[in-house]
Amino acid sequence: MNSKLVFLLISISLGFLCSVSCTKSKAEDCTAKAQNIQPAVNTMNNAAIAFSSNPSATNCQNYKNATQAYINEARSLVSCTGLSPSEKTQYQQSLDTAVQNLSTLTC
């Protein structure tokens with residue numbers, strides 16, 4: 001179960017970054033937000049790898065904290081005005097999934 005959760009959250013985080021297209025209007029509105037989320041993605045991914053390798057209570061809590069920090073940053077990307085309504089819906093659904101999965105992670 002932990003491996004599936006780690007994989008899902010990593011996939012979601014990478015999906016956010018990879019799916020923001022770079023058209024001019026979207027780039028003006030969303031590029032900075034996408035760049036601001038990168039440190040949170042890196043921290044979450046590193047914590048996920050550490051927890052997957054060694055599922056200790058400390059690594060679990062570090063992963064949980066990093067995922068929450070990522071979710072906080074991702075919310076600003078979801079509200080980016082340069083996204084189309086369908087993109088916003090897609091990102092919000094992914095964010096909701098991440099929040100739900102985080103809530104089931106017990107350390």
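Start with Cys 60: its relative accessibility is 2%, so Cys 60 counts as buried (under 20% relative accessible area; exposed is over 50%, partly exposed in between; 1.4 Å probe, protein chains only). This is a predicted model, where local features need pLDDT of at least 70, side-chain atom pairs count only at pLDDT 80 or more, and totals for chains, interfaces and linings use all residues. Residues are numbered from 1 along each chain as its sequence is written, and side-chain values use heavy atoms, with hydrogens and water left out.

Which residue pairs with Cys 60 in a disulfide? Cys 107, with the sulfur atoms 2.0 Å apart. The cut-off for a disulfide is cysteine sulfur atoms within 2.5 Å. By that rule the count is one. Cys 60 sits in helix H3 and Cys 107 in the segment after H4, 47 residues apart, so the pair links distant parts of the chain. Helices here are DSSP runs of H or I, at least four residues, numbered from the N terminus. The S-S torsion is about -75°, so this disulfide is left-handed. Cys 107 has 48% relative accessibility and counts as partly exposed.

Now the helices. H3 covers residues 57-78 and H4 covers residues 85-104. Their axes come within 10 Å and cross at roughly 160°. That makes H3 roughly antiparallel to H4 (angles over 145 degrees, on a scale from 0 to 180 between N-to-C directions). Contact means heavy atoms within 4.5 Å. Among the H3 residues meeting H4 are Lys 64, Ile 71 and Val 78. The H4 side includes Tyr 91, Leu 95 and Leu 102. The contact residues divide into eight nonpolar, three polar and three charged. Charged means Asp, Glu, Lys and Arg; nonpolar means Ala, Val, Leu, Ile, Met, Phe, Trp, Tyr, Cys and Pro; the others, Gly among them, are polar.

Note on methods: Helix = DSSP H or I, 4+ residues; strand = E, 2+ residues; numbered from the N terminus. Parallel < 35°, antiparallel > 145°, perpendicular 65-115°, else oblique.
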